Amino acid sequence: MAIGARFQALPPEADLDDRKLDALFPVRATLPPGPSQLSFDFENFFLGHLPAQVRGLRALLAKFPADVVLGELGFWSIPVLSLSAAPDERPTLVTLGSVPLLIQSEDTPAFGAGILPTPGEEARARNRATNAEVRQVFAELQRFGEATLESLGVTMPGYLFDAPFRRTDHYLQLTVPGFEYPRGDLPEHLRFVGTLPPAPSGDYAEPAWWPELSADRPVVVVTQGTVANTDLHELVIPTVRALAGLDLLVVVATAREDGPDLVRRALAEVPDNVRLAGFVPFDLLLPHADALVTNGGYGGVQTALYYGVPLVVAGASEDKPEVAARVEWSGTGVNLRTSMPEVTELRAAVQTVLHDPGYRSQAGIMAKEIGQYNPFEAIADIVDVAARR
């Protein structure tokens, strides 16, 4: 690479293809979204792979004594390194926040259910109580995490899910303040650095229908992202049925090679106003969009807001209820509060977003705020300072 970087894989036992979780762990698909599935994921992936991950990272650092270790929220080796040595005896640690802030706060409800925050002391008291309840729900996982870190020679202080936020030198949240609930008790090392700009599309062969994106009728894009897109009947198929026959263009971005064929097999006939695609670069597609229908993946929502595109969100797994709640709270779209919305709900929500100018206006305001940040510069500044220590 131009900067001289080279690739070093983690040990095979620390590797995992997160696109195939349900295939690798069939029992996972039987667990309902929420605490049960999240506990399973942590025990089997994030914490389960941690010992091998830490061994691989420590071996690498022994050969390559880096100035900075940069990782995202799920890279639990960063809290381990933070707890293992004093700041002047280890690399500077930088954590990137790629999901909504889940650090507990008395200013926000407990993370997970997508409950909107409300002001006032009564609400704060309720938040403290629900946060305590959540810690109790995850008490067994807490013990598992403490034992895992103990096996690595460190002790976990405090609540398990707070560790990635508090046990790092710099926590950089990849969004803007306008898309996150205000809190008065965030750590000083946590700051917002803006949304990552969409990756350049490179050589993309535009399909024959591409010129239709510039026609007069509204363009609605629907996607289930890249993780929770196993069953396109959850959102893609109902959206196609909901918008069939309306005076708009529907682009179905399935994010999978077999996606278009799956949609065709699910429908007796593909509506005339629907265009099917596998992988479509969002940096090329979303500037043409008037609305995005999504199950609430954090990255996809941030990309839509980068372009000022309002949203209709329907998701229940992973962090998606919390993403959807922030869309609702920020006024940038409609939150359907389900992962399997009815056709009538979808049609009404899309028409609301298209015809109520407030959603487009709020999404535009968010895009302007995003434009004031440069996450790459923020990261580069930290690296420069660390290199001069």
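A residue counts as buried when its relative accessible area is under 20%, as exposed when over 50%, and as partly exposed in between, using a 1.4 Å probe and protein chains only. Met156, at 7% relative accessibility, is therefore buried. The model described here is predicted: local features need pLDDT of at least 70, side-chain atom pairs count only at pLDDT 80 or more, and totals for chains, interfaces and linings use all residues. Residues are numbered from 1 along each chain as its sequence is written, and side-chain values use heavy atoms, with hydrogens and water left out.

**The chain as a whole**

- The protein chain contains 15 helices and ten strands; these are DSSP runs numbered from the N terminus, with helices being H or I of at least four residues and strands being E of at least two.
- A compact globule of 389 residues would have a radius of gyration near 21 Å, and the 22 Å of the protein chain agrees with this. The radius is taken over C-alpha atoms, and the globule rule is 2.2 Å times the number of residues to the power 0.38.
- Along the principal axes, the C-alpha atoms fill a box of roughly 65 × 55 × 45 Å.
- Of the 389 residues, 50% count as buried.
- The accessible surface comes to about 18500 Å², and carbon and sulfur atoms account for 54% of that surface. Such areas come from the Shrake-Rupley method with a 1.4 Å probe, and for residues only the protein chains shown count as cover.
- Contact means heavy atoms within 4.5 Å. Among contacts between residues at least 6 apart in sequence, 69% join residues at least 24 apart.

**Aromatic rings and a charge over a ring**

- Rings of Phe, Tyr and Trp (its six-membered ring) pair if their centres lie within 6.5 Å; planes under 30 degrees apart count as stacked, over 60 as edge-to-face and the rest as tilted.
- The count by this rule is 14 aromatic pairs. One of them is the edge-to-face pair of Phe138 and Phe161, with 5.2 Å centre to centre and 75 degrees between the planes.
- This pair links distant parts of the chain, 23 residues apart: Phe138 is in the loop between helix H5 (121–137) and helix H6 (139–151), while Phe161 is in the loop between H6 and H7.
- Phe138 is buried at a relative accessible area of 7%, and Phe161 is buried at 8%.
- Phe42, Phe46, Trp76, Phe138, Tyr159 and Phe161 are linked into a cluster by ring pairs.
- The charged end of Arg326 sits over the ring of Tyr181, 4.1 Å from the ring centre. For this, NZ of Lys or CZ of Arg must be within 6 Å of the ring centre and within 35 degrees of the ring normal.

**Helix H12**

- Helix H12 (residues 320–330) is mostly covered, with nine of its eleven residues buried.
- Among the buried residues of H12 are Val323, Ala324, Ala325, Arg326 and Val327.
- The cover over these buried residues includes helix H11 (298–306), strand S9 (311–313), strand S10 (333–335) and helix H14 (357–371).
- Gly331 follows H12 and has a positive phi, near 75 degrees.

**Residues in loops**

- Met156 is placed in the loop between H6 and H7. Leaving aside neighbours within four places in sequence, Met156 is in contact with Leu83, Gln142, Gly145, Glu146 and Leu149.
- Met156 and Val80 lie 76 residues apart in sequence, and their C-alpha atoms are 8.6 Å apart in space.
- Thr168 is in the loop between helix H7 (163–166) and strand S3 (170–173), and is buried with a relative accessible area of 6%.
- A polar atom of the Thr168 side chain lies 3.5 Å from the backbone oxygen of His170.
- Not counting residues up to four places away in sequence, Thr168 touches Ile78, Ser82, Leu93, Val94, Thr95 and His189.

**Residues in helices**

- Gln37 lies in helix H2 (residues 35–46) and counts as buried at 10% relative accessibility.
- The Gln37 side chain has a polar atom 3.3 Å from the backbone oxygen of Leu31.
- Apart from neighbours within four places in sequence, Gln37 is in contact with Arg28, Leu31, Pro32, Ser317 and Glu318.
- Arg126 is in helix H5 and counts as partly exposed at 41% relative accessibility.
- Arg126 and Ala348 are 222 residues apart in sequence and 33 Å apart in space, C-alpha to C-alpha.

Methods
Polar contact = N/O pair within 3.5 Å; in protein donor to acceptor, adjacent residues only side chain to side chain.
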